[in-house]
Amino acid sequence: MTHLPLFLGQGSAYIRFSGQPPMESKMPQDNSVTITIEEYLEYRSQYIGVCLGCGDTRESCEPDADNYPCESCGESKVQGPDNLLAMGLVE
Ligand SMILES: [Zn+2]
């Protein structure tokens, strides 16, 4: 049903852990997710948001989506690409 050519963790997107011990790497804190400018443009055109809780992406996300529910971790931490840009999470 979905044919997204991009997946966090497989391409140039990655999750940055700031001083977290490896054992807690599965629970990144807020603002630990960064995307590239290329992904920003793709997400924006495809209405994809990024969860700051788990780093996963979801569709049907407006560019300025703020704290949308995440389908992967259940937390309402999905931000639209414009918000990621405003938060300095686009490199
Ligand atoms: Zn999530």
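Predicted model: local features only at pLDDT ≥ 70, side-chain atom pairs only at ≥ 80, totals over all residues.
Local features were taken at pLDDT of at least 70 and side-chain atom pairs were counted only at pLDDT 80 or more, whereas totals for chains, interfaces and linings use all residues. Residues are numbered from 1 along each chain as its sequence is written.

The protein contains two helices and five strands, which follow one another from the N terminus in the order β-β-α-β-β-β-α. Helices (H or I, at least four residues) and strands (E, at least two) are DSSP runs, numbered from the N terminus. Of the 91 residues in the protein, 27% are buried. A residue is termed buried if 20 or more other C-beta atoms lie within 10 Å of its own, exposed if 12 or fewer, and partly exposed in between, with C-beta atoms placed from the backbone. Among the contacts with a separation of 6 or more, 34% join residues 24 or more positions apart. Two residues are in contact if their C-beta atoms, placed from the backbone, lie within 7 Å.

Three strands form an open sheet with antiparallel pairing, in the order β4-β3-β5. Because β4 and β5 stand at the edges, each with a single partner strand, one side of each is left without a neighbour in the sheet. Pairing requires that DSSP find at least two bridges between two strands. The antiparallel pair of β3 and β5 is joined over two bridges, and C51 is placed opposite V78 in β5.

The residues C51 and V78 also feature in the largest nonpolar core, which has 14 residues; together with V50, they touch the most other members. The elements that contribute two or more residues to this core are α1 (37–46) and β3 (49–51). A nonpolar core is defined as a set of buried Ala, Val, Leu, Ile, Met, Phe, Trp, Tyr and Cys residues joined through C-beta atoms within 7 Å. In soluble globular proteins, nonpolar side chains tend to be buried together. When residues up to four places away in sequence are left out, V50 touches V33, I35, Y43, T57, V78, Q79 and L84.

An α-helix has 3.6 residues a turn, so residues three or four places apart point the same way.

For S45 in helix α1, the exposed state follows from 10 C-beta neighbours inside 10 Å. The C-alpha atoms of S45 and P63 are separated by 8.5 Å, although these residues are 18 residues apart along the chain. Q46 also lies in helix α1 and is partly exposed, because 14 other C-beta atoms are found within 10 Å. Between Q46 and S60, 14 residues apart along the chain, the C-alpha separation is 8.2 Å. Y47, which follows α1, has a positive phi, near 55°.

S60 is not a glycine, yet its phi is positive, about 55°. Most residues other than glycine have a negative phi, and most peptide bonds are trans. S60 counts as exposed because it has 10 C-beta neighbours inside 10 Å. Its C-alpha atom is separated by 9.8 Å from that of G80, 20 residues apart along the chain. N67 is placed in the loop between β4 and β5 and has a positive phi of about 55° although N67 is not a glycine. With 14 other C-beta atoms within 10 Å, N67 is partly exposed.

In the loop between β1 (14–15) and β2 (33–34), S32 counts as partly exposed, with 17 C-beta neighbours inside 10 Å. S32 and C54, which are 22 residues apart in sequence, are 9.2 Å apart in space, C-alpha to C-alpha.
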